[in-house]
Amino acid sequence: MHSEPTSLPRRRLLTGTASALAAAGLATWANGAAAQAAAAKPLPAYLGWKDAGSVIVHSSTTLETRRGAFGTSVITPTDQLYIRNNLPAPDAAIVANRDAWEISVSGVKSPRKLTVGELKALGLETVAMVLQCSGNGRGFFPSKPSGTPWTVGAAGCVVWSGVPVRAVAEALGGVADGMRFMTGTGGEKLPEGIDPKSIVVERSVPAAAMQDALLAWEMNGAPIPLAHGGPLRLIVPGYTGVNNIKYIRQLAFTAQESDAKIMSHGYRMTPPGGKGDPSQPSVQEMSIKSWINGPLPDDGQIAAGAPVQIHGVAFGGLHAVKGVEVSIDGGKTWQAARFVGPDLGKYAWRQFVLQAKLPAGTHTLASRAADTAGNVQPETRGENQSGYNNSSWADHAVKVTAA
């Protein structure tokens, strides 16, 4: 896997240290950066093709994109995109003959198995969308929830290509009556001797999500790398990463949600101190969110009074971003930013910029996005046991110094 092809050029950027961020005075940012610095490790062997200068290695199954590596060109290069795998990737042999990979489709009038080669004859669409781990922003929670202390880098904007799920369902006679959910099951190899339901990656989303969902075989213009779910991945635009099933082996339209543990008890919005259970909201649709990618504390001192381009990214879940405001005083006042670059659809993020002149002193830069449904990015996070769905603009702010 060292030679996985990438379709977009690498960007190598200088990165700063946690101590520099701490000196800049933003406690939550510094805490997250300190955790990242402590986690500095070499790339795992199967991810040797990743751009080491643009990612933070937390573990063999978790890589984070550095905040300063996102750039201003909308699409996140494959060799910089984060990695979050609930189970180890399957053997690389599964991508040796990609068209031979089989998926079982049920809950339709004519259930059957289909190979990737057969899927390619049923339809083709491409979607640009934000792929984001449910725990992105966990590193900002003062409660220090267990799990990877992501700051902003467990996200990226990616182009996927594949067959629409609705076209597959139509080719198989349509969805059977009474099926309220679309349930995907991953093809990872499960350990022997334990209940499969306790560990299998199997998630259910509302059946309506099939309208924009893909069974994708291509990512950023190249076959999906094994580490990102190749040869075939279920893509559910607007939903958090765990719902986008890697190595998908089964796609079922079901009357009930999956009873797998990762669905029934995992990825739930559990109150602090509690344990996950099916009565709690499931982590599914993403919410409106933005953050600033530059200037950052590790970029060094800014010349007071000189023009500076404050830029970042903004995205919604099921709704397009309508606008972004930027504050240079920690949220006391706001100014409208402008979008830059192409609009790749409601599921992609938009790059934004505000030109400003910062007087001498320390400034807290923040961004606040709104979507077409009227949702506005909140100031505070929603406290929960596992640190999910943090879209707080205050948590994602950065402090910079002008002199």
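Nine nonpolar, six polar and four charged residues make up the lining of the largest cavity; here Ala, Val, Leu, Ile, Met, Phe, Trp, Tyr, Cys and Pro count as nonpolar, Asp, Glu, Lys and Arg as charged, and the others, Gly among them, as polar. You are viewing a predicted model, where local features need pLDDT of at least 70, side-chain atom pairs count only at pLDDT 80 or more, and totals for chains, interfaces and linings use all residues. Residues are numbered from 1 along each chain as its sequence is written, and side-chain values use heavy atoms, leaving out hydrogens and water.

**First stop.** Select Arg84, Arg233, Gly241, Val242 and Lys246, which lie nearest the centre of the largest cavity among its 19 lining residues. A cavity is a set of points on a 1 Å grid over the protein atoms alone where a 1.4 Å probe fits but cannot get out, and lining residues have an atom within 4 Å of a point. This cavity holds about 210 Å³ of space, a volume being the space filled by probe spheres set on the points, which are joined across faces, edges and corners.

**Second stop.** Next, pick out Gln132, Cys133 and Ser134, which are among the residues lining the second largest cavity. About 70 Å³ of space lies there, and its lining has two nonpolar, eight polar and one charged residue.

**Third stop.** Now select His228, in the loop between strand 11 (222-223) and strand 12 (233-235); strands are DSSP runs of E, at least two residues, numbered from the N terminus. His228 counts as buried because its relative accessibility is 2%, with buried meaning under 20% relative accessible area (1.4 Å probe, protein chains only). Show its contacts (heavy atoms within 4.5 Å): not counting residues up to four places away in sequence, they include Trp49, Tyr82, Arg233 and Lys246.

Methods
Helix = DSSP H or I, 4+ residues; strand = E, 2+ residues; numbered from the N terminus. Buried < 20%, exposed > 50% of the residue type's maximum accessible area, 1.4 Å probe, protein only. 1 Å grid on protein atoms, 1.4 Å probe; cavity = no way out; pocket = protein on both sides within 12 Å on 5 of 7 lines; lining within 4 Å.
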